[in-house]
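Dear colleague,

Please find below the structure that I am handing over to you, followed by an account of what was found in it.

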Amino acid sequence: MKALALFSGGLDSMLSVLILRKQDIFVEGVYFETPFFTAERAIKSARKIDLPLRIIDITGEMLKIIKVPKFGYGQGLNPCLDCHLFMCKKACEIKEKESYDFIVTGEVLGQRPLTQTKQALLIISKNCPCSDYIIRPLSAKVLPLTIPEIMGWVDRDKFFGIKGRSRKEQIRLANEFGLKDYPSPAGGCLLTDKNFSKRLEDLFKYQENISRRDLELLKIGRHFRLNSKTKAIVGRNQKENKTIISLSLPKDTIIQVTGYPGPIVLLPNGGDEEGELIAKLLAASYSDAPEGKDVKVRIKKEMNIKIEIAQSLSKNVLRKYLIGHLDIE
(Lines give C-alpha, C1' and ligand atoms only; values in the text may rest on other atoms or scores of the structure.)
Protein backbone atom coordinates (compact mmCIF):
# COMPACT_ATOMS: atom_id res chain seq x y z
CA MET A 1 0.00 0.00 0.00
CA LYS A 2 1.12 3.56 -0.74
CA ALA A 3 -0.21 6.59 1.17
CA LEU A 4 0.09 10.33 0.48
CA ALA A 5 0.44 12.44 3.63
CA LEU A 6 -0.77 16.03 3.85
CA PHE A 7 2.29 16.98 5.87
CA SER A 8 2.38 20.23 7.87
CA GLY A 9 5.55 19.35 9.75
CA GLY A 10 3.83 19.54 13.13
CA LEU A 11 3.89 16.77 15.70
CA ASP A 12 0.46 15.43 14.71
CA SER A 13 1.41 14.94 11.06
CA MET A 14 4.72 13.34 12.06
CA LEU A 15 2.93 10.90 14.35
CA SER A 16 0.38 9.98 11.68
CA VAL A 17 3.17 9.05 9.28
CA LEU A 18 4.93 6.94 11.93
CA ILE A 19 1.69 5.18 12.92
CA LEU A 20 1.14 4.09 9.31
CA ARG A 21 4.74 3.02 8.88
CA LYS A 22 4.28 0.75 11.88
CA GLN A 23 1.73 -1.08 9.70
CA ASP A 24 4.32 -1.43 6.90
CA ILE A 25 2.66 1.18 4.70
CA PHE A 26 4.87 3.31 2.46
CA VAL A 27 4.19 7.01 2.98
CA GLU A 28 5.21 10.05 0.94
CA GLY A 29 4.47 13.63 1.99
CA VAL A 30 3.25 16.74 0.23
CA TYR A 31 3.34 20.32 1.46
CA PHE A 32 1.39 23.05 -0.30
CA GLU A 33 3.37 26.27 -0.01
CA THR A 34 2.58 29.99 -0.37
CA PRO A 35 4.27 33.16 0.94
CA PHE A 36 1.72 33.00 3.78
CA PHE A 37 2.91 29.62 5.04
CA THR A 38 6.33 28.36 3.97
CA ALA A 39 7.73 24.85 3.93
CA GLU A 40 10.70 25.30 6.29
CA ARG A 41 9.13 23.48 9.24
CA ALA A 42 7.79 20.68 7.05
CA ILE A 43 11.19 20.12 5.41
CA LYS A 44 12.95 19.99 8.78
CA SER A 45 10.40 17.59 10.28
CA ALA A 46 10.38 15.36 7.18
CA ARG A 47 14.15 14.95 7.47
CA LYS A 48 13.82 13.87 11.10
CA ILE A 49 11.56 10.97 10.18
CA ASP A 50 13.08 10.25 6.73
CA LEU A 51 9.87 11.15 4.91
CA PRO A 52 10.08 11.79 1.15
CA LEU A 53 8.51 15.23 0.74
CA ARG A 54 7.49 17.28 -2.27
CA ILE A 55 6.73 21.01 -2.14
CA ILE A 56 4.00 22.42 -4.40
CA ASP A 57 3.47 26.17 -4.80
CA ILE A 58 -0.24 27.09 -4.76
CA THR A 59 0.12 30.89 -4.44
CA GLY A 60 -2.01 31.83 -7.46
CA GLU A 61 -4.85 29.51 -6.49
CA MET A 62 -4.74 30.66 -2.86
CA LEU A 63 -5.05 34.31 -3.83
CA LYS A 64 -8.36 33.54 -5.55
CA ILE A 65 -9.59 31.70 -2.46
CA ILE A 66 -8.55 34.52 -0.11
CA LYS A 67 -10.42 37.10 -2.17
CA VAL A 68 -13.71 35.15 -2.17
CA PRO A 69 -13.81 32.40 0.47
CA LYS A 70 -16.97 30.29 0.43
CA PHE A 71 -16.79 29.55 4.16
CA GLY A 72 -15.51 32.91 5.41
CA TYR A 73 -12.48 34.14 7.37
CA GLY A 74 -11.00 33.64 10.80
CA GLN A 75 -9.56 36.54 12.78
CA GLY A 76 -7.62 37.92 9.82
CA LEU A 77 -7.84 37.15 6.10
CA ASN A 78 -7.44 33.46 6.85
CA PRO A 79 -10.00 31.33 4.95
CA CYS A 80 -8.98 28.26 6.94
CA LEU A 81 -11.76 25.89 5.93
CA ASP A 82 -11.63 26.87 2.25
CA CYS A 83 -7.85 26.48 2.34
CA HIS A 84 -7.99 23.08 3.97
CA LEU A 85 -10.67 21.85 1.58
CA PHE A 86 -8.61 23.07 -1.38
CA MET A 87 -5.55 21.16 -0.15
CA CYS A 88 -7.61 18.00 0.28
CA LYS A 89 -8.86 18.36 -3.30
CA LYS A 90 -5.31 18.88 -4.58
CA ALA A 91 -4.21 15.77 -2.68
CA CYS A 92 -7.08 13.85 -4.30
CA GLU A 93 -5.83 14.90 -7.74
CA ILE A 94 -2.35 13.61 -6.92
CA LYS A 95 -3.81 10.39 -5.51
CA GLU A 96 -5.68 9.67 -8.72
CA LYS A 97 -2.90 10.71 -11.08
CA GLU A 98 -0.11 8.86 -9.29
CA SER A 99 -2.04 5.84 -7.97
CA TYR A 100 -1.77 6.38 -4.24
CA ASP A 101 -4.12 4.09 -2.32
CA PHE A 102 -5.27 6.69 0.21
CA ILE A 103 -4.46 9.99 1.92
CA VAL A 104 -3.41 10.52 5.53
CA THR A 105 -3.56 13.67 7.65
CA GLY A 106 -2.57 14.56 11.21
CA GLU A 107 -5.94 16.11 12.05
CA VAL A 108 -7.29 15.70 15.56
CA LEU A 109 -11.02 16.09 16.15
CA GLY A 110 -11.75 19.30 18.09
CA GLN A 111 -8.18 20.57 18.14
CA ARG A 112 -8.55 23.51 15.74
CA PRO A 113 -11.78 25.52 15.89
CA LEU A 114 -12.03 26.36 12.17
CA THR A 115 -10.95 23.14 10.45
CA GLN A 116 -11.13 20.20 12.85
CA THR A 117 -14.60 20.37 14.39
CA LYS A 118 -17.23 17.78 13.50
CA GLN A 119 -18.99 20.35 11.33
CA ALA A 120 -15.77 21.27 9.50
CA LEU A 121 -14.90 17.63 8.84
CA LEU A 122 -18.45 17.08 7.58
CA ILE A 123 -18.00 19.95 5.11
CA ILE A 124 -14.72 18.39 3.94
CA SER A 125 -16.47 15.05 3.58
CA LYS A 126 -19.29 16.50 1.47
CA ASN A 127 -17.08 18.64 -0.79
CA CYS A 128 -13.90 16.61 -1.23
CA PRO A 129 -14.14 14.01 -4.03
CA CYS A 130 -12.01 11.39 -2.26
CA SER A 131 -13.01 12.07 1.36
CA ASP A 132 -13.74 8.36 1.94
CA TYR A 133 -10.05 7.71 1.27
CA ILE A 134 -8.74 10.21 3.84
CA ILE A 135 -7.69 8.60 7.12
CA ARG A 136 -6.85 10.43 10.34
CA PRO A 137 -4.95 7.92 12.51
CA LEU A 138 -4.92 10.08 15.65
CA SER A 139 -8.73 10.42 15.78
CA ALA A 140 -9.90 7.51 13.61
CA LYS A 141 -11.75 5.72 16.42
CA VAL A 142 -14.05 8.69 17.02
CA LEU A 143 -14.69 9.29 13.31
CA PRO A 144 -16.68 7.35 10.68
CA LEU A 145 -15.08 4.39 8.98
CA THR A 146 -13.14 5.07 5.79
CA ILE A 147 -12.67 2.80 2.77
CA PRO A 148 -9.04 1.90 3.67
CA GLU A 149 -10.32 0.71 7.08
CA ILE A 150 -13.32 -1.14 5.66
CA MET A 151 -11.16 -2.86 3.04
CA GLY A 152 -8.62 -3.89 5.64
CA TRP A 153 -5.76 -1.95 4.04
CA VAL A 154 -5.04 -0.51 7.48
CA ASP A 155 -5.71 -1.84 10.97
CA ARG A 156 -8.18 0.51 12.67
CA ASP A 157 -7.50 -1.14 16.04
CA LYS A 158 -3.99 0.33 15.93
CA PHE A 159 -5.29 3.85 15.44
CA PHE A 160 -6.38 6.25 18.19
CA GLY A 161 -9.44 8.15 19.41
CA ILE A 162 -7.84 11.44 20.43
CA LYS A 163 -10.09 14.49 20.54
CA GLY A 164 -9.93 17.98 22.02
CA ARG A 165 -7.07 20.40 22.52
CA SER A 166 -5.03 18.50 25.09
CA ARG A 167 -1.69 17.27 23.73
CA LYS A 168 -0.92 14.71 26.45
CA GLU A 169 -1.59 11.66 24.28
CA GLN A 170 0.45 13.04 21.37
CA ILE A 171 3.37 13.76 23.70
CA ARG A 172 3.12 10.22 25.06
CA LEU A 173 3.19 8.84 21.51
CA ALA A 174 6.11 11.07 20.62
CA ASN A 175 8.08 9.58 23.50
CA GLU A 176 7.05 6.10 22.40
CA PHE A 177 8.34 6.76 18.88
CA GLY A 178 11.51 8.40 20.19
CA LEU A 179 10.61 11.88 18.94
CA LYS A 180 12.32 14.31 21.28
CA ASP A 181 12.71 17.46 19.21
CA TYR A 182 9.48 18.43 17.49
CA PRO A 183 7.88 21.80 16.66
CA SER A 184 5.29 23.58 18.77
CA PRO A 185 1.66 23.37 17.60
CA ALA A 186 1.59 26.99 16.36
CA GLY A 187 -0.02 27.28 12.93
CA GLY A 188 2.40 29.83 11.48
CA CYS A 189 0.02 31.20 8.82
CA LEU A 190 0.56 34.92 8.21
CA LEU A 191 -3.08 35.33 7.17
CA THR A 192 -4.07 35.01 10.83
CA ASP A 193 -1.97 38.09 11.65
CA LYS A 194 -4.21 41.17 11.65
CA ASN A 195 -1.48 43.60 10.64
CA PHE A 196 -0.35 41.42 7.74
CA SER A 197 -3.99 40.95 6.70
CA LYS A 198 -4.52 44.72 6.54
CA ARG A 199 -1.50 45.02 4.25
CA LEU A 200 -2.84 42.27 2.00
CA GLU A 201 -6.29 43.84 2.01
CA ASP A 202 -4.72 47.14 0.88
CA LEU A 203 -2.86 45.31 -1.90
CA PHE A 204 -6.09 43.69 -3.13
CA LYS A 205 -7.80 47.08 -3.16
CA TYR A 206 -5.21 49.05 -5.10
CA GLN A 207 -3.42 46.50 -7.28
CA GLU A 208 -5.00 44.15 -9.79
CA ASN A 209 -2.05 41.92 -10.74
CA ILE A 210 -0.20 40.63 -7.68
CA SER A 211 3.13 38.84 -7.94
CA ARG A 212 5.03 36.66 -5.49
CA ARG A 213 7.40 39.61 -5.01
CA ASP A 214 4.52 41.82 -3.89
CA LEU A 215 3.56 39.25 -1.27
CA GLU A 216 7.11 38.85 0.01
CA LEU A 217 7.32 42.63 0.47
CA LEU A 218 4.28 42.50 2.77
CA LYS A 219 6.41 40.67 5.34
CA ILE A 220 8.96 43.44 5.91
CA GLY A 221 9.16 47.11 6.86
CA ARG A 222 6.50 49.68 7.63
CA HIS A 223 3.84 50.06 4.93
CA PHE A 224 2.25 53.38 4.06
CA ARG A 225 -0.60 54.07 1.65
CA LEU A 226 0.24 57.52 0.26
CA ASN A 227 -2.54 57.69 -2.34
CA SER A 228 -4.39 55.36 -4.69
CA LYS A 229 -1.34 55.07 -6.97
CA THR A 230 1.50 55.05 -4.45
CA LYS A 231 2.54 52.81 -1.60
CA ALA A 232 5.76 53.21 0.38
CA ILE A 233 7.66 50.48 2.24
CA VAL A 234 10.10 51.80 4.85
CA GLY A 235 12.88 49.55 6.13
CA ARG A 236 13.16 49.27 9.92
CA ASN A 237 16.77 48.16 10.14
CA GLN A 238 19.81 47.31 8.02
CA LYS A 239 18.65 43.74 7.40
CA GLU A 240 15.29 44.91 6.08
CA ASN A 241 16.99 47.55 3.95
CA LYS A 242 19.04 44.82 2.27
CA THR A 243 15.97 42.64 1.75
CA ILE A 244 14.03 45.54 0.22
CA ILE A 245 16.89 46.25 -2.20
CA SER A 246 17.09 42.57 -3.14
CA LEU A 247 13.35 42.54 -3.96
CA SER A 248 13.36 45.84 -5.86
CA LEU A 249 12.78 46.07 -9.61
CA PRO A 250 13.88 48.72 -12.16
CA LYS A 251 10.35 50.15 -12.33
CA ASP A 252 10.39 50.84 -8.56
CA THR A 253 11.49 54.11 -6.98
CA ILE A 254 14.11 53.89 -4.20
CA ILE A 255 14.62 56.81 -1.81
CA GLN A 256 17.25 57.22 0.90
CA VAL A 257 18.66 60.10 2.95
CA THR A 258 22.32 60.98 2.40
CA GLY A 259 24.48 62.11 5.32
CA TYR A 260 22.47 60.30 8.04
CA PRO A 261 21.74 56.63 8.74
CA GLY A 262 18.23 55.88 7.65
CA PRO A 263 15.81 53.53 5.93
CA ILE A 264 15.45 52.45 2.36
CA VAL A 265 12.06 53.68 1.16
CA LEU A 266 10.65 51.65 -1.70
CA LEU A 267 7.78 52.75 -3.92
CA PRO A 268 6.70 49.57 -5.75
CA ASN A 269 6.01 50.38 -9.42
CA GLY A 270 7.08 53.99 -8.82
CA GLY A 271 3.86 55.76 -7.85
CA ASP A 272 3.13 59.38 -8.79
CA GLU A 273 4.63 62.81 -7.98
CA GLU A 274 2.35 63.44 -5.01
CA GLY A 275 3.26 60.07 -3.52
CA GLU A 276 6.96 60.64 -4.13
CA LEU A 277 6.79 63.95 -2.27
CA ILE A 278 5.38 62.24 0.84
CA ALA A 279 7.85 59.36 0.46
CA LYS A 280 10.75 61.85 0.65
CA LEU A 281 9.35 63.06 3.96
CA LEU A 282 9.13 59.46 5.18
CA ALA A 283 12.79 58.87 4.28
CA ALA A 284 13.87 62.02 6.13
CA SER A 285 11.62 61.55 9.14
CA TYR A 286 12.55 57.91 9.77
CA SER A 287 16.27 58.67 9.42
CA ASP A 288 18.54 59.77 12.26
CA ALA A 289 18.31 63.39 11.10
CA PRO A 290 17.08 65.79 13.85
CA GLU A 291 13.43 66.77 13.67
CA GLY A 292 12.98 69.94 11.60
CA LYS A 293 16.27 69.40 9.74
CA ASP A 294 16.40 69.78 5.95
CA VAL A 295 18.30 66.84 4.48
CA LYS A 296 19.34 65.61 1.07
CA VAL A 297 17.51 62.57 -0.28
CA ARG A 298 18.66 60.37 -3.15
CA ILE A 299 15.89 59.26 -5.49
CA LYS A 300 16.57 56.44 -7.94
CA LYS A 301 14.29 55.00 -10.60
CA GLU A 302 15.59 52.83 -13.43
CA MET A 303 18.78 54.58 -14.61
CA ASN A 304 17.80 58.04 -13.34
CA ILE A 305 19.14 59.46 -10.07
CA LYS A 306 18.31 62.84 -8.58
CA ILE A 307 19.09 64.59 -5.30
CA GLU A 308 16.38 66.67 -3.60
CA ILE A 309 15.72 68.28 -0.21
CA ALA A 310 13.18 67.03 2.35
CA GLN A 311 12.48 68.01 5.94
CA SER A 312 12.59 65.57 8.83
CA LEU A 313 9.15 65.72 10.49
CA SER A 314 7.62 64.18 13.59
CA LYS A 315 6.63 60.60 12.81
CA ASN A 316 3.18 61.32 14.25
CA VAL A 317 2.51 63.67 11.32
CA LEU A 318 3.03 60.80 8.88
CA ARG A 319 1.36 58.10 10.93
CA LYS A 320 -1.97 58.78 9.22
CA TYR A 321 -0.59 57.11 6.10
CA LEU A 322 0.39 53.92 7.94
CA ILE A 323 -1.64 51.02 6.58
CA GLY A 324 -4.12 49.89 9.18
CA HIS A 325 -4.62 53.36 10.66
CA LEU A 326 -6.38 55.16 7.83
CA ASP A 327 -8.04 54.03 4.64
CA ILE A 328 -7.12 56.64 2.04
CA GLU A 329 -8.87 56.95 -1.28
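The residues that line the second largest pocket comprise nine nonpolar, three polar and four charged ones. In this division Ala, Val, Leu, Ile, Met, Phe, Trp, Tyr, Cys and Pro count as nonpolar, Asp, Glu, Lys and Arg as charged, and the others, Gly among them, as polar. The pocket holds about 370 Å³ of space. Leu121, Ser125, Arg136, Leu143 and Pro144 are the closest to its centre among the 16 lining residues. Helix H5 (118-127) and strand S5 (134-135) are the elements that give two or more residues to this lining, and H5 gives the most, with four. A pocket is an open set of points on a 1 Å grid over the protein atoms alone, where a 1.4 Å probe fits and protein lies on both sides within 12 Å along at least five of seven lines; lining residues have an atom within 4 Å of a point. Points are joined across faces, edges and corners, and the volume is the space filled by probe spheres set on them.

Please note that this is a predicted model, in which local features need pLDDT of at least 70 and side-chain atom pairs count only at pLDDT 80 or more, while totals for chains, interfaces and linings use all residues. Residues are numbered from 1 along each chain as its sequence is written, and side-chain values use heavy atoms, with hydrogens and water left out.

The protein chain has twelve helices and eleven strands; these are DSSP runs numbered from the N terminus, helices being H or I of at least four residues and strands E of at least two. Its C-alpha atoms fill a box of roughly 75 × 40 × 35 Å along the principal axes. Of the 329 residues, 50% are buried (under 20% relative accessible area, with exposed over 50% and partly exposed in between, for a 1.4 Å probe and protein chains only).

Two aspartates deserve a separate paragraph. Aspartate 193 lies in the loop between helix H7 (168-177) and helix H8 (194-206), and is partly exposed because its relative accessibility is 36%. Its side chain reaches the backbone nitrogen of phenylalanine 196 at 2.7 Å, and one of its polar side-chain atoms lies 3.1 Å from the backbone nitrogen of asparagine 195. Aspartate 202, in helix H8, counts as buried because its relative accessibility is 8%. The side chains of aspartate 202 and arginine 225 form a polar contact of 2.8 Å (a pair of N or O atoms within 3.5 Å; within protein, one must be able to donate a hydrogen and the other to accept it, and residues adjacent in sequence count only if both atoms are side-chain atoms).

Lysine 280 is in helix H11 (residues 273-285) and, at 9% relative accessibility, is likewise buried. Beyond its neighbours within four places in sequence, lysine 280 is in contact (heavy atoms within 4.5 Å) with Ile255, Val297, Ile299, Glu308, Ile309 and Ala310.

Finally, some loop residues have a positive phi. Asparagine 269, between strand S9 (265-267) and H11, has phi near 65°. Glutamate 302, in the loop between strand S10 (294-301) and strand S11 (304-311), has phi near 50° and is partly exposed at 44% relative accessibility.

Yours sincerely
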